[in-house]
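This short report covers a helix pair, the nonpolar cores and one further helix. Please keep the structure in view while reading.

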Amino acid sequence: MLNLNCHTIREIAHQPKMWMDTYDIVMGRKQDIEEFLSANSINKDTEIILTGAGSSAYIADTAVCEYMKAGFYRAKAVATTDIVSAPSYFLSPSPKLFISFGRSGNSPESVAAYEVANKFCPGSHHLIITCNPDGELAKRVEPGKDLVIVLPDGTNDRSLAMTSSFTSMLVTSLLCKNVETLAAERAKLQAAADFAESIIAGEAADKIAKLAEKKIKRAVFLGSGPLKGIACESHLKLQELTDGGIVCAFDSFMGLRHGPKAVINEETLVVYLLSEDPYTRQYELDLIDQVEHDNHPAAQVVLSVTPSGVKDILDFEINAPKPEQLKDNEYPRRHLKSS
């Protein structure tokens, strides 16, 4: 049974509810968002910078993949820490849309990045996504020129590690990207919330608890495309919450093969975040085979909406509660030579 008196566990557990509450807030601001985009001629041809610091930067790394896939080809992710310390390397002088993520909105980088962006890119606009209505970043907005979206109070995490704030700000950025079809997005988000709820309340929680009893000294998280950003955030969360007791790393599945795979040994946990894209997934499944054969990690876990077909070499796998029925070998396997 989860101890909900602990900030961290409570904030992890209430994420599905926070996502749906966030949806309601964004839906309530639909007209404001559309007017902001229209009045400032923001569209798929606009240069977009998604930005934040720390975990908020990893939101940007994740969201930018979905923006690119949706046709926002001039979108890129740049951390506020880079914007503040070396703006001339990352910013051109043309007007842009800055989408800024900040749980509290009070970090020095968040405020400074807003000011630097306006100095280096005059005429730019800002969409600020935050969990704190009283944060300095939220107070900086210029009506008409900028727009701030404040998420439910429950997303303003009190624990050391950002959890519900991370996922809810990510959800908000994706909903804003799809604001024209916002009504249709609710069912997709509810499906994601159901998936998360099944992990928190189902037998997966017991499996995770047993996994925590293993003597693991390292952990590696892998993801492709937007899931690489999630892998990055996951590695930070485990390293933070163990106070560095477990040294963590992250990479893409393909990137791991080019040197970083050497960190995996008999004391390493490997977590695979599998893509649902058939083309991408074939490379991921090949890498899982390779790690099992070459590295013999202490534990391996797969998180995938649909079954991976490799459960025999895993400690456990977490799938969506009602996955579509797939035939064996639905995803083609492409075997690559080790580099």
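Helices α2 (residues 15–28) and α9 (residues 164–177) have axes that come within 9 Å and cross at roughly 35°. Axes are lines fitted to C-alpha atoms over the stretch in contact, with angles from 0 to 180 degrees between N-to-C directions. Helices are DSSP runs (H or I, at least four residues) and strands are E runs (at least two), numbered from the N terminus.

This is a predicted model: local features need pLDDT of at least 70, side-chain atom pairs count only at pLDDT 80 or more, and totals for chains, interfaces and linings use all residues. Residues are numbered from 1 along each chain as its sequence is written, and side-chain values use heavy atoms, without hydrogens and water.

The residues that meet (contact: heavy atoms within 4.5 Å) are tabulated here.

| Helix | Residues in the contact |
|---|---|
| α2 | Q15, M18, W19, T22, Y23, V26 |
| α9 | S164, T167, S168, V171, T172, L175 |

The largest nonpolar core has 41 residues, and L50, Y67, I99 and L127 have the most contacts inside it. Such a core is a set of buried Ala, Val, Leu, Ile, Met, Phe, Trp, Tyr and Cys residues joined through side-chain atoms within 4.5 Å. Buried means under 20% relative accessible area (1.4 Å probe, protein chains only). Beyond four places in sequence, L127 touches F36, L97, F98, I99, S100, L147, I149 and C176.

Buried residues of helix α12 include E233, H235 and K237. Their cover includes α4 (55–69), α9 and β6 (218–223). Just after α12, D243 takes a positive phi of about 55°.

Key
Buried means under 20% relative accessible area, exposed over 50%, partly exposed in between (1.4 Å probe, protein chains only).
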